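Colleague: I would like to learn how to read a few features of this model, starting with charged pairs and then moving on to helix packing. Could you take me through them one at a time?

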Amino acid sequence: MPPIPPVTMTLCKDEACHVIEVGALRPALVRAARLFAETVLVPTGLLYIVLHTAGLLPALLSVMGWCALTVSIRFFTGRHLPGTLLVCAGALCARALVALALSSALVYFVQPVIASVFMAALFLGSALLGRPITMRLARDFVSLPAQLHTHPGLRRVFIQTAALWGLGRLVDAGMSIGFLHMGLDLALLSRPVFSGALTVLMVAICTAWGIRCLRRMPDVTFRFGGMKPAQPAAA
C-alpha cells in the first residue's frame, strides 16, 4: 500500500494565519479498517470459536499464533509494518501469556479494563495539569510550527480533547465490567463490537470538536485533500 500523505501545517504567506493541510482520507480509513480486522475482529473470532471447541489453552495459543502470522507475513513480504500493529499484537500476546500463566480466561478480559482505567487517568490527569498528552501525540501526525506550541487557543483545544478521550475510556471500562458480570461470552463479544464502536465514536467526537474549535479561531484554517486554494480572478 502506498504511503499516506502526511497531515502538515504551514504558515500562510499572504495572511497572518495557519493552514492545516489534510491529505487523502480514504487510504487512511481503509488502512484503519484493515488494522481493526487484524488486531480485533480475527483474534476475537478465533478465541470465541476455539475456546468453545477445544478449550482455553488452544484458544490462547491461536491468538498468539495469529499475531505472529500477521506480523511475519508483512515482514517477510516487505509490506509496510505499522507501529500500531506491532503494539496491538504485542499487547494481545502479553494478555494471552498472562492468562496462560494463571490458567484463567477471566484474566484475559480483566486486563483491558485495567488498561482503560489507566488511560483514563493519564488523559484526564494531563488535562487537569494543563499539559495535555494529546498535544504530544498530535505531533506524531501533524507538523506544528513552533509558533503554535504556545498558542493558548490550541492548547485549550488539546486539553478539551484529552478530557473527552479520558471520559470515553472510563465509559469503556464501566461497559466492560458490566459485560463481565453477564458472562465471559458477552464480555468476549463486547470488545470488538461495543468497545470498538465506542472507540470510533470517541474518535469522531474528539475530531469534530477539535475541528469546530479550530475553525472558530480567526488565525487557523483547513485545506482538505491537499488541494490548493482557488486563485482570485485576474483583474
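Colleague: Which residue forms a salt bridge with R74?

Modeller: The general idea is that side chains of opposite charge can pair when their charged atoms come close. In this structure, which is a predicted model, E38 forms a salt bridge with R74, and their closest N and O atoms are 3.2 Å apart. E38 belongs to helix α1 (residues 26-53) and R74 to helix α2 (residues 56-76), so the pair ties together parts that lie 36 residues apart in sequence.

Colleague: How many salt bridges does a search of the whole structure find?

Modeller: The search finds two salt bridges in the whole structure, and the pairing of E38 with R74 is a salt bridge of this kind.

Colleague: Turning to the helices, at what angle do the axes of α6 and α7 cross?

Modeller: Two packed helices are described by the angle between their axes and the distance between the axes. For helix α6 (residues 152-182) and helix α7 (residues 184-215), the axes come within 9 Å and cross at roughly 165 degrees. Because angles over 145 degrees count as roughly antiparallel, α6 is roughly antiparallel to α7. The crossing of α6 past α7 is right-handed, and their contact has 21 nonpolar, eight polar and three charged residues.

Colleague: And how far apart are the axes of α4 and α6?

Modeller: Their axes are 8 Å apart, and the two helices pack at an angle of about 160 degrees, which makes α4 roughly antiparallel to α6. Here the crossing is left-handed, and the residues of the contact divide into 19 nonpolar, four polar and two charged.

Colleague: What of α4 and α7: at what angle do their axes cross?

Modeller: The axes of α4 and α7 come within 11 Å and cross at roughly 40 degrees, which makes α4 oblique to α7. As α4 passes α7, the crossing is left-handed.

Notes:
Residues are numbered from 1 along each chain as its sequence is written. This is a predicted model: local features need pLDDT of at least 70, side-chain atom pairs count only at pLDDT 80 or more; totals for chains, interfaces and linings use all residues. Side-chain values use heavy atoms; hydrogens and water are left out. Axes are lines fitted to C-alpha atoms, for helices over the stretch in contact, and angles run from 0 to 180 degrees between N-to-C directions. Helices (H or I, at least four residues) and strands (E, at least two) are DSSP runs, numbered from the N terminus. Angles under 35 degrees count as roughly parallel, over 145 as roughly antiparallel, 65 to 115 as roughly perpendicular and the rest as oblique. A crossing is left-handed if the near helix is turned anticlockwise from the far one by less than a right angle, and right-handed if clockwise. Ala, Val, Leu, Ile, Met, Phe, Trp, Tyr, Cys and Pro count as nonpolar, Asp, Glu, Lys and Arg as charged, and the others, Gly among them, as polar. A salt bridge is a side-chain nitrogen of Lys or Arg within 4 Å of a carboxyl oxygen of Asp or Glu.
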